[in-house]
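Here are a few notes to read with the structure open beside you. Take them one at a time and find each piece as you go.

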Amino acid sequence: MDVKKKFLIPFLLSFLFSASALAGIVDSGALTEASYWTSHNPEGDRVILDETGVREFNRKIYNAGLDVTDMKTLPASIPVREFLPWISNTWAMKGTVYRKGKELTEEEKEQIRENVSLGTLPPEGGFVPLRYGVTVRHAMIRNLPLADGIFESADDVYYDNVQDSVLEAGEPVAILHESRDEKYYFVRLYNLFGWIAREDVALCSRAQFERYADPENFLVVTGRDYLARTSGENVFHLMGARLLLLQEKKDRWQVALPYKDDKTGQLREKNVWLNKGADLHRGYLPYTSNQVIRQAFKFLGSVYGWGGAMQSVDCSSLVGSVYSTMGIWLPRNTTRLKRMPGQVTGFEGLDTPERLRLFAKLQPGSAVSLAGHIMLYLGMEDGAPYVIHSSSSYYVKDRKIYVRRVLVSDLELHRKSGLTFLDSVINVITYQ
């Protein structure tokens with residue numbers, strides 16, 4: 001064999017299958033470093049919204065019909081019609097679905113419906129008085145009162161139809177209903193309604209509820225996650241979780257960590273000293289473009305967590321976790337995120353060159369919406385826009401390629417429709 005060919009063939013093969021050649025996904029090099037993007041973002045450390053501006057922006061979100069609410073302002077009772085569409089929706093069991101690898105029978109579906117216990121609710125025109133609780137651990141939010149997953153195929157373990165979201169320890173919930181088996185509460189949380197295991201909630205007074213809803217002094221988890229030991233349990237906190245701050249010393253903070261009294265079910269608190277470090281910050285981080293980028297990169301390489309499962313993030317919870325460190329409280333789902341207030345740049349009806357011209361003018365850290373997917377814009381490189389996102393999959397022609405992780409890519413990945421991500425962008429929103 002020719003010597004040049006001997007060395008050229010392995011080189012070409014390695015190039016074809018290298019990270020830079022894999023459909024726009026970047027697995028190594030400068031583009032996978034937050035510092036690269038922040039150093040190329042001249043206005044990146046300018047404060048976009050100060051503390052007052054963040055509060056005002058949150059009020060816009062509350063008033064935008066996106067199912068996000070200021071928990072401390074909830075009334076003492078809620079009309080049934082407000083949450084009836086949520087609690088009565090059993091789409092997770094529609095058609096042929098599987099539980100523990102076996103097809104879910106009609107009898108089993110009916111048992112699950114009965115456990116919802118709709119018949120014990122007041123009539124649709126009635127009201128439900130609120131009870132109050134606080135989460136005591138990282139808790140799953142389900143759309144049915146069911147611990148088991150329901151899947152579209154027998155061997156699926158990733159995409160549980162019942163999994164909606166998660167709540168971190170120390171989050172207030174308004175309790176509206178209880179499952180027939182008394183294992184689940186149906187609750188209002190800040191950005192949706194859903195079912196939560198009773199064991200994950202401690203009952204409390206309205207005053208305690210409001211204290212957790214709007215704490216005066218608190219720490220924010222700014223690392224990807226943080227463990228704190230409470231009442232014999234290592235409690236996991238994902239980025240954005242808040243811990244009630246009691247006092248501060250030179251190298252330590254004292255916080256009040258919630259736990260549940262085993263006998264009464266009531267809220268108790270354990271005062272714990274925590275060492276100061278990079279994973280905790282007193283109050284919210286300043287809201288800057290570079291701050292968004294730095295926070296997002298802390299998830300790089302994390303597994304894709306559908307509905308926040310596996311102590312990780314999907315596309316929308318990545319965006320939500322990042323922005324919550326700066327005090328901005330976002331809707332849960334992509335359908336609502338694309339309707340967010342802010343500086344909205346619409347892309348529908350534009351051709352590819354026009355889309356590229358628009359991206360070159362956009363602020364890094366902005367949210368990029370496609371149908372069913374959301375990403376965070378990083379900036380331009382060699383005339384191409386780049387994003388960081390929690391990605392489930394993309395397509396090569398008709399073949400679905402699963403990646404299931406948080407990654408950096410350009411927008412040349414393809415969707416099922418055959419369009420690139422770039423040509424599928426609906427809008428880009430800067431939260432300001």
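The points below go through a sheet, a helix lying across it, and a pair of helices.

1. Before anything else, keep in mind that this is a predicted model.

2. Start with the open sheet, which has five strands. Their order is β19-β18-β17-β14-β20, and the pairing is antiparallel. As a bit of background, strands of a sheet pair through backbone hydrogen bonds, either parallel or antiparallel.

3. Now look at the edges, where you'll find β19 (267-275) and β20 (280-282). Each has a single partner strand, so one side of each is left without a neighbour in the sheet. Direction ignored, neighbouring strands here are turned by 40° against each other on average.

4. Zoom in on one pair: β14 (residues 218-221) and β17 (residues 242-248) run antiparallel and are joined by three bridges. Which residue in β17 stands opposite leucine 219? That's leucine 243.

5. Next, find helix α6 (residues 206-213), which lies across β17, β18 (252-260) and β19. The helix runs at about 90° to β17.

6. Last, the helix pair: α7 (residues 289-297) and α8 (residues 315-324) have axes that come within 9 Å and cross at roughly 125°. The two helices are therefore oblique to each other, and their crossing is right-handed.

7. So who touches whom? On the α7 side there are Val292, Gln295 and Ala296, and they meet Leu318, Val322 and Tyr323 in α8. Sort the residues of this contact and you get five nonpolar, one polar and no charged.

Key: Residues numbered from 1 in each chain as written. Predicted model: local features only at pLDDT ≥ 70, side-chain atom pairs only at ≥ 80, totals over all residues. Heavy atoms only, no water. Pairing = 2+ DSSP bridges. Helix = DSSP H or I, 4+ residues; strand = E, 2+ residues; numbered from the N terminus. Axes fitted to C-alpha atoms, helices over the stretch in contact; angles between N-to-C directions. Contact = heavy atoms within 4.5 Å. Parallel < 35°, antiparallel > 145°, perpendicular 65-115°, else oblique. Left-handed = near helix turned anticlockwise from the far one by under 90°. Nonpolar A, V, L, I, M, F, W, Y, C, P; charged D, E, K, R; others polar.
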